[in-house]
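Please examine the model shown below together with its sequence.

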Amino acid sequence: MATITRRDVYGLGEPWHPILRAYALAIGRMKALPATDSRSLAYQASVHGFGSESDPPPDRFRGQCQHNCWYFLPWHRWYLHYFERTVRSLLTEIEEVPDEVAATWALPYWNYARDAGAAKLPPEFGSPTLWDGRPNALYDDTRLPEVNDRSAALDRVQTVPGRGVIDQPFSAPTSGVATFGGTASGWHHFREPGAVAGGLEGTPHNDVHGFVGGNMWRFATAGLDPVFWLHHCNIDRYWEVRGHDADPSGWANVSFDFRTETGAAVRVEADGCVDPEAQLGYRYEDVTRPDGLLGGAVRRFEMAPGPELPPEVVGTRGTVRLQGRRVDAPMAVGAPSGDFLLSRGRDREQRVFLTVNDITGEANPGISYAVYLGERADESCRAGLISFFGIEGTGGGGHPLGYAFDVTDIVHTLEDEGAWNPDDVHVVFEPVGAVLDEGRSRTEETAPVEVGSVSIAYQ
Ligand code: C2O
């Protein structure tokens, strides 16, 4: 199997590059196929989510998406792989696609952090018509209008993983620990109690879903938007930017079911995809670390305790309501218990986590909130972002959202400055809206969300 190369959609260098022409024509085919055909876009989207988010999956092929857990990355990698194979096989049947394009075609990725222009929807997706005036299957009229007309751009901080995330442990067996890939769990379509999303699933993943809007807001419809696949390709790429040497071994016994490009059923192992070139036959054009963008001077944690150690919660506070405005939520933080200190050894560096959990709401507000530790709320104390993909339905007893941030270096900075007072710790939420042309902001009228708990823990 020859290796195919997934390229940056913004690096293709010309409007309607042959890769995008081919993609648009294939998506057109997929939209025209009946939903019972596993190659149809409707079927492909239902592999991710089906009907209502809180319904059980209808079969082992549909309603399978893995979120808020450590299967987020491997499941979506396999999902993209079979989608890409389906597109490639359809391309061979489309007369006007040149053979050499079909033979080497790979899914492009949307690297919104490439430059300021790339923080907007790739233009070919916002045009109702193709290069020659035919209707464009890449256009999705459910997106927010300012996304399609490209007057809105993602905020810079929404486009790259948050501070330190790329260097965090891949996973942790207990909730409330900040990780790259999410809390360890069993297979689950819905959230396990207390589990939190991995840092990459948060930002940029959930932020970009929120930014685009429409179909991209819901698990059951996200895959209907042709840009979903380019977005996930970029998320998958970040796994390669990190490198896959230290990924978890505990995946071996979980498998996923998919349908291939011929409709045949396959069962694959979660750990059968960690090396994409060797195992799946694709590579990325560019996997360099966008170092300057990853949250500034974040201290590395070579001395960090192993992720298997459960954290000890030293402060909590209840409900914070957010609706497009800055909210300062003060709380008090206690000292870790003597037992905790003993079990860690005095000279080990402790990690400090800020967990924002039990997030619920009726509708996606289409914006994110930056979470700061410390009243001054500037970049040096930004813990990360919270965003709301899948929030609809959390009100009815569904799966609340949750995030954990490693704030160790922020606490050290505040301590060094004499600005850390455990009796009066400020957690500040600041809206991060899409940046709109003409000085308008998406934060002005926005759906409310509720954060059920905020806590600080030592590990
Ligand atoms: Cu399972 Cu971006 O979604």
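The axes of helices H2 and H3 come within 11 Å and cross at roughly 170°. Axes here are lines fitted to C-alpha atoms, for helices over the stretch in contact, and angles run from 0 to 180 degrees between N-to-C directions. That crossing makes H2 roughly antiparallel to H3, where angles under 35 degrees count as roughly parallel, over 145 as roughly antiparallel, 65 to 115 as roughly perpendicular and the rest as oblique. This is a predicted model, in which local features need pLDDT of at least 70 and side-chain atom pairs count only at pLDDT 80 or more, while totals for chains, interfaces and linings use all residues. Residues are numbered from 1 along each chain as its sequence is written, and side-chain values use heavy atoms, with hydrogens and water left out.

**Helices H2 and H3**

- Leu41, Gln44, Ala45, Val47 and His48 of H2 meet Trp75, His76, Tyr79, Phe83 and Thr86 of H3, contact being defined as heavy atoms within 4.5 Å.
- By class, this contact of H2 with H3 holds 6 nonpolar, 4 polar and no charged residues. Ala, Val, Leu, Ile, Met, Phe, Trp, Tyr, Cys and Pro count as nonpolar, Asp, Glu, Lys and Arg as charged, and the others, Gly among them, as polar.
- H3 has 20 residues and reaches 28 Å from its first C-alpha to its last, close to the 28 Å expected at 1.5 Å a residue. The expected span of a helix is 1.5 Å times one less than its number of residues.
- Of the 20 residues of H3, 17 are buried, so H3 is largely enclosed by the rest of the structure. Buried means under 20% relative accessible area, exposed over 50%, and partly exposed in between (1.4 Å probe, protein chains only).
- Thr86, which lies in H3, counts as buried at 1% relative accessibility.
- Leaving aside residues up to four places away in sequence, Thr86 touches Met30, Arg39, Gln44, Thr260 and Glu261.

**Helix H1**

- The 15 residues of H1 should span 21 Å at 1.5 Å a residue, and its end C-alpha atoms are 21 Å apart, which agrees.
- The buried residues of H1 are Ile19, Leu20, Ala22, Tyr23, Ala24, Leu25, Ala26, Ile27 and Met30.
- What covers these buried residues of H1 includes H2, H3, helix H4 (99–104) and H7.
- Ala24 lies in H1 (residues 18–32) and counts as buried at 3% relative accessibility.
- Ala24 and Phe125 are 101 residues apart in sequence, and their C-alpha atoms are 9.0 Å apart in space.
- Ala24 touches Trp16, Leu130, Asn136, Ala137 and Leu138, not counting residues up to four places away in sequence.

**Helices H6 and H7**

- The axes of H6 and helix H7 (residues 226–242) come within 11 Å and cross at roughly 165°.
- H6 and H7 are therefore roughly antiparallel to each other.
- On the H6 side, Leu200, Pro204, His205, Val208 and His209 meet Phe228, His231, His232, Ile235, Tyr238 and Trp239 of H7.
- The residues of this contact of H6 with H7 divide into 7 nonpolar, 4 polar and no charged.
- Pro204 lies in H6 (residues 199–212), and the peptide bond from Thr203 to Pro204 is cis, with omega near 5°.

**Positive phi angles**

- Phi of Asn68 is near 55°, a positive value in a residue other than glycine.
- Asn68 is placed in the loop between helix H2 (41–48) and helix H3 (72–91), and Asn68 counts as buried at 6% relative accessibility.
- Asp358 also is not a glycine and has a positive phi of about 55°.
- Asp358 is found in strand S9 (residues 352–360) and is partly exposed, with a relative accessible area of 35%.

**The whole chain**

- The protein chain has 10 helices and 15 strands. Helices (H or I, at least four residues) and strands (E, at least two) are DSSP runs, numbered from the N terminus.
- Of the 459 residues of the protein chain, 58% count as buried.
- Among contacts in the protein chain with a separation of 6 or more, 76% are between residues 24 or more positions apart.
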